[in-house]
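Please examine the sequence and the three-dimensional structure shown below.

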Amino acid sequence: MGEAAPSRDTRALPSAERLKAFTDAVVAIAMTLLILPLMESVSDAGSEHGSLAAWFVDEWPALLAFGLSFVLIANFWLVHHRLFAPVERVDGAVLWLTVLWMFTIVWMPVATAITTAFAEGALQLVVYIGNLTTTSAVLGFTRLYLSRHPELRRQPAVSMREELVDGWVVTALFVVALVVSIIVPAIGYGALFLLVLGPLIGRVLRRRRA
């Protein structure tokens with residue numbers, strides 16, 4: 001995919017630095033909110049004079065959900081950080097794509113709480129894994145838009161194309177994980193382990209394109 005020549009003067013566009021800082025703050029708040037249900041359960045257990053061991057036994061699903069969501073949000077932030085590192089200017093499309101991405105990140109604490117507050121079912125899986133899929137897809141569309149507007153960034157075209165392949169592979173694996181989790185309820189959220197195949201699939205596809 002060749003890059004189109006810059007067709008506009010970007011000097012009038014706002015710097016990307018404020019958007020990057022705002023995004024970092026939103027992600028940090030979302031990651032912090034993940035812990036609030038556990039904080040409440042600790043207070044409740046303490047007021048009822050329960051044992052710490054019993055609390056760990058009772059809350060292990062919530063602890064697991066917290067750890068998983070924390071790692072996933074952190075990974076999304078790292079990918080977003082790498083994507084925007086070479087971005088110097090932002091336009092309206094980039095702003096709104098980023099706002100949509102932040103919406104999915106802010107929703108994660110709610111989706112995480114839902115996983116332990118209700119009995120596991122298809123709708124619950126759609127809310128959680130579906131949100132992860134949307135987060136990944138929005139990153140993909142943002143990456144695609146930036147690849148077609150080189151005037152907004154400083155990055156070699158080849159590097160951007162490789163990131164496009166890797167990003168869409170991850171999104172596709174989220175979709176597959178969602179379908180598998182619904183079709184095979186016994187697997188449930190364990191279908192997310194399919195994501196470990198991402199780097200391998202990405203390498204295979206890049207070799208075929210070479």
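Which residues of helix 2 are buried? L38, S41 and A45 are buried in helix 2, where buried means under 20% relative accessible area, exposed means over 50%, and partly exposed lies in between (1.4 Å probe, protein chains only). These residues cover an arc of only 60 degrees around the axis, which puts them on the same side of helix 2; the arc is that of the directions from the helix axis to the C-beta atoms. On the other side of helix 2, E40 and S47 are exposed. The cover over the buried residues of helix 2 includes helix 3 (52-84).

The model is predicted: local features need pLDDT of at least 70 and side-chain atom pairs count only at pLDDT 80 or more, while totals for chains, interfaces and linings use all residues. Residues are numbered from 1 along each chain as its sequence is written, and side-chain values use heavy atoms, with hydrogens and water left out.

**Overall architecture**

The protein chain has seven helices and zero strands. Helices (H or I, at least four residues) and strands (E, at least two) are DSSP runs, numbered from the N terminus. The C-alpha trace spans about 65 × 40 × 25 Å along its principal axes. Of the 210 residues in the protein chain, 39% are buried. A contact means heavy atoms within 4.5 Å; among contacts between residues at least 6 apart in sequence, 79% join residues at least 24 apart.

The length of helix 2 (residues 36-47) can be checked. The expected span of a helix is 1.5 Å times one less than its number of residues. The 12 residues of helix 2 should therefore span 16 Å, and the end C-alpha atoms are 17 Å apart, which agrees.

F76 is found in helix 3 and counts as buried because its relative accessibility is 6%. Not counting residues up to four places away in sequence, F76 touches W101, I105, L132, T135, S136, L139 and F174. F76 and S51 are 25 residues apart in sequence and 36 Å apart in space, C-alpha to C-alpha.

**Salt bridges**

Side chains of opposite charge can pair when their charged atoms come close. A salt bridge is a side-chain nitrogen of Lys or Arg within 4 Å of a carboxyl oxygen of Asp or Glu. A search of the whole structure finds two salt bridges, and the table lists them.

| Residue pair | N to O distance |
|---|---|
| E17 and K20 | 3.2 Å |
| E88 and R154 | 3.2 Å |

E88 lies in the loop between helix 3 and helix 4 (92-117) and R154 in the loop between helix 5 (122-147) and helix 6, so this pair ties together parts that are 66 residues apart in sequence. E88 is partly exposed, at 39% relative accessibility. By contrast, E17 and K20 are three residues apart in helix 1 (residues 17-33) and are therefore separated by about one helical turn. E17 is partly exposed at 48% relative accessibility, whereas K20 is buried at 16%.

**The surface**

The accessible surface of the protein chain comes to about 11,700 Å², of which 70% belongs to carbon and sulfur atoms. Accessible areas come from the Shrake-Rupley method with a 1.4 Å probe; for residues, only the protein chains shown count as cover. V196 is found in the loop between helix 6 (157-183) and helix 7 (198-209), and V196 counts as exposed because its relative accessibility is 61%.
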